[in-house]
Amino acid sequence: MTSQDFRNEIEIKKPRYLSKYASLIDTISTRGSINGGNYIQFGAFYQTYMYAFMLGYKIGECNPISGEGEQKDFAAITNWKPNDMVDYILMLTFSEPEEKLGFKWIDLDTMDDENAKKAALSIVRIIEGYANTGLNYIQQKFDNHKDEFTDPFVFVNMLREVSDK
């Protein structure tokens, strides 16, 4: 499998999230009167997911979602925009240690397609793990400090909070 084929294999995947975050994602991804008030919109669902990944990555916790309850799929990574942000997320994920990746980069050249597809899925599972951590952080913030979500800088402030830790 070539490096472009490997990238394509990653990009066709649809990362998952826990269904318990569906209402939160809907609330902060679309502006409207939900749960009794108007909240600041972050962006499209996939942008909220990318933001959650960044929060989880900054927190430094990758919590896999397997076995934690009902799961839903996001859009395929190939549909996420902006592309530079997708590249950055992939770069951060690619830099994870071999133990977390579950494979060695040097072995990718000689892997058969089945094992290369497993390696691509491993990358996506890491993205899910960091996004799961980020969604949990956002959910706790929303549950305990809902009024902060009327501040136009709420998302900047959350990123600053986790970066300062």
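1. A quick convention before anything else: a residue is called buried when its relative accessible area is under 20%. By that cut-off, both F53 and Y130 are buried. Keep in mind that this is a predicted model.

2. The overall picture first. The protein has eight helices and four strands, and along the sequence they run α-β-α-β-β-α-β-α-α-α-α-α. The C-alpha trace spans about 55 × 30 × 30 Å along its principal axes. For 165 residues, a compact globule would have a radius of gyration near 15 Å, and the 17 Å found here agrees with that.

3. Of the 165 residues, 44% count as buried. If you take contacts between residues at least 6 apart in sequence, 76% of them join residues at least 24 apart.

4. As a rule, nonpolar side chains in soluble globular proteins tend to be buried together. Here the largest nonpolar core has 48 residues, and the members touching the most others are I127, I138 and M158. Elements giving two or more residues to this core are α1 (3-11), β1 (16-18), α2 (22-29), α3, α4, α7 and α8 (154-163). Helix α7 makes the largest contribution, at 13 residues.

5. M158 deserves a click in the viewer. Ignoring neighbours within four places in sequence, M158 is in contact with Y51, L55, Y137, I138, K141 and F149. So which of the core members that touch the most others also shows up in that list of M158 contacts? I138 does.

6. On to the rings: the structure holds 13 aromatic pairs. In one of them, the ring centres of Y49 and F74 sit 4.3 Å apart with planes at 50°, so the pair counts as tilted. Y49 belongs to helix α3, while F74 is in the loop between β4 (71-73) and α4 (83-94), which puts the partners 25 residues apart and links distant parts of the chain. Y49 is at 1% relative accessibility and therefore counts as buried; F74, at 7%, counts as buried too.

7. How are the rings of F53 and Y130 arranged? Their centres are 5.5 Å apart and their planes meet at 85°, so this pair is edge-to-face. F53 lies in helix α3 and Y130 in helix α7 (residues 113-144), so the pair ties together parts 77 residues apart in sequence. Elsewhere, F6, F94, F103 and W105 form one aromatic cluster.

8. T48 is also in helix α3, which covers residues 45-59. With 1% relative accessibility, T48 counts as buried. What does its side chain pair up with? There is a polar contact of 2.6 Å to the side chain of S29. Beyond the neighbours within four places in sequence, T48 is in contact with I28, S29, F42 and G43.

9. Last, P15, in the loop between α1 and β1. Buried or exposed? Its relative accessibility is 0%, so P15 counts as buried. Not counting residues up to four places away in sequence, P15 touches Y49, K72, D73, F74, A75, I77, W80, V124 and E128, a list that includes both partners of the tilted pair, Y49 and F74. The C-alpha atoms of P15 and D73 are separated by 5.8 Å, although these residues are 58 apart along the chain.

Conventions: Residues are numbered from 1 along each chain as its sequence is written. This is a predicted model: local features need pLDDT of at least 70, side-chain atom pairs count only at pLDDT 80 or more; totals for chains, interfaces and linings use all residues. Side-chain values use heavy atoms; hydrogens and water are left out. Buried means under 20% relative accessible area, exposed over 50%, partly exposed in between (1.4 Å probe, protein chains only). A polar contact is a pair of N or O atoms within 3.5 Å; within protein, one must be able to donate a hydrogen and the other to accept it, and residues adjacent in sequence count only if both atoms are side-chain atoms. Contact means heavy atoms within 4.5 Å. Rings of Phe, Tyr and Trp (its six-membered ring) pair if their centres lie within 6.5 Å; planes under 30 degrees apart count as stacked, over 60 as edge-to-face and the rest as tilted. A nonpolar core is a set of buried Ala, Val, Leu, Ile, Met, Phe, Trp, Tyr and Cys residues joined through side-chain atoms within 4.5 Å. The radius of gyration is taken over C-alpha atoms; the globule rule is 2.2 Å times the number of residues to the power 0.38.
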